[in-house]
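I opened a new notebook page for this structure. My entries follow in the order in which I looked things up.

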Amino acid sequence: MNPTSLNILVLFYSQNGSTLNLARQIARGIESVAGCEAVLRTVPKVSTVCEAVENEIPDRGAPYVTAEDLKNCAGLALGSPTRFGNMAAAMKYFIDGTIAQWLGAELSGKPATVFTSTGSLHGGQESTLLTMMLPLLHHGMVISGIPFSETALSRTQSGGTPYGASHVAGHDGSAVLSAEENELAFAQGKRLAELAVKLA
Ligand SMILES: Cc1cc2nc3c(=O)[nH]c(=O)nc-3n(C[C@H](O)[C@H](O)[C@H](O)COP(=O)(O)O)c2cc1C
């Protein structure tokens, strides 16, 4: 991390890689803004049974998010796959552990944005995105979406919503990001970074 840059945290959970692909594209949008650096972080899985804790460093991919990442970020892009019309338990579990940050108002006044991936077109993208905003509002974050001046919003035949970037991965999760999904994720990251610069 460059100490002179504004760090924008891209915090996601992804089991099969679709939400990760959105996260990477949002990160590219963030880094298109001068002086901004995207910090990609993930959260560990949760289980309904007691089991050995995972290694402190994941075997592959982005590192796990830390309290310092939250404290030091100038903005937050939060991503989760849709699970029954809502965010995945692993992300919700992580957010439920952010009491110290809430008490310390560490995220208050910082810009935030949300993104998701679903299996099906009408499988609950909007409900997931809107409910992901709720804890961020409790934290006092300034929520930003994607305006319709981004013309891909009107053209898309798959993902991409005014509430945040999204992807329709298909029943087997194999669909790649469409041109519009890519464009909107990039625009979302860029907008978040521009807001962070203005608010910093
Ligand atoms: C337990 C479970 C619940 C799911 N619920 C939904 C759902 O409500 N709507 C939907 O369209 N897809 C649903 N899916 C599919 C995932 O949202 C989809 O595969 C997503 O792209 C996975 O993202 P990832 O590749 O980042 O893990 C569900 C998948 C699982 C495992």
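**Entry 1**

I started with Lys 190, which counts as partly exposed because its relative accessibility is 33%. My cut-offs: buried means under 20% relative accessible area, exposed means over 50%, and partly exposed lies in between, with a 1.4 Å probe and protein chains only. I looked up Glu 194 as well, and at 33% relative accessibility Glu 194 counts as partly exposed. The side chains of Lys 190 and Glu 194 meet in a salt bridge, 3.2 Å from N to O. By salt bridge I mean a side-chain nitrogen of Lys or Arg within 4 Å of a carboxyl oxygen of Asp or Glu. Both residues lie in helix α7, four residues apart, which is about one turn of the helix. Helices (H or I, at least four residues) and strands (E, at least two) are DSSP runs, numbered from the N terminus.

**Entry 1. Ground rules**

I note that this is a predicted model: local features need pLDDT of at least 70, side-chain atom pairs count only at pLDDT 80 or more, and totals for chains, interfaces and linings use all residues. Residues are numbered from 1 along each chain as its sequence is written, and side-chain values use heavy atoms, with hydrogens and water left out.

How many salt bridges does the structure hold? I find five. One of them joins the side chains of Asp 69 and Arg 41, at 2.9 Å from N to O. This pair links distant parts of the chain: Asp 69 sits in helix α2 (residues 67-72) and Arg 41 in strand β2, 28 residues apart. Are Asp 69 and Arg 41 buried or exposed? Both are buried.

I then turned to Arg 155 and Glu 180, whose side chains meet in a salt bridge at 3.6 Å, N to O. This pair also links distant parts of the chain, with Arg 155 in helix α6 (residues 152-155) and Glu 180 in helix α7 (residues 179-199), 25 residues apart. Arg 155 is partly exposed, at a relative accessible area of 38%. Glu 180 is buried, at 19%.

**Entry 2. Asp 69 again**

I went back to Asp 69 for its surroundings. Asp 69 counts as buried because its relative accessibility is 10%. Which residues does Asp 69 touch, beyond those up to four places away in sequence? I list Leu 9, Val 39, Arg 41 and Tyr 64. Contact here means heavy atoms within 4.5 Å. I also checked Ile 8: its C-alpha atom and that of Asp 69 are separated by 9.2 Å, and the two residues are 61 apart along the chain.

**Entry 3. Strand β1 and its partners**

Next I looked at strand β1 (residues 6-12). Six of its seven residues are buried, so β1 is largely enclosed by the rest of the structure. The strand pairs with strand β2 (residues 36-42) in the parallel sense, over seven bridges. Two strands pair if DSSP finds at least two bridges between them. From β1 the chain crosses through helix α1 (residues 18-31) to β2, and this β-α-β crossover is right-handed. That term means that, with the strands pointing away from the viewer, the path from the first strand over the helix to the second runs clockwise.

β1 also pairs with strand β3 (residues 75-83), in the parallel sense over five bridges. I followed Val 10 to both sides. In β2 the bridge partner of Val 10 is Leu 40. In β3, Val 10 stands opposite Ala 77.

Where does Ser 144 lie? I find Ser 144 in the loop between β6 (142-143) and α6. At 5% relative accessibility, Ser 144 counts as buried. Setting aside neighbours within four places in sequence, Ser 144 is in contact with Ala 112, Thr 113, Arg 191 and Leu 195.

Leu 199 lies in helix α7. Leu 199 is partly exposed, with a relative accessible area of 47%. With neighbours within four places in sequence left aside, Leu 199 is in contact with Gly 109 and Pro 111.

**Entry 4. Leu 103**

My last stop was Leu 103, in helix α4 (residues 99-103). Leu 103 is exposed, with a relative accessible area of 65%.
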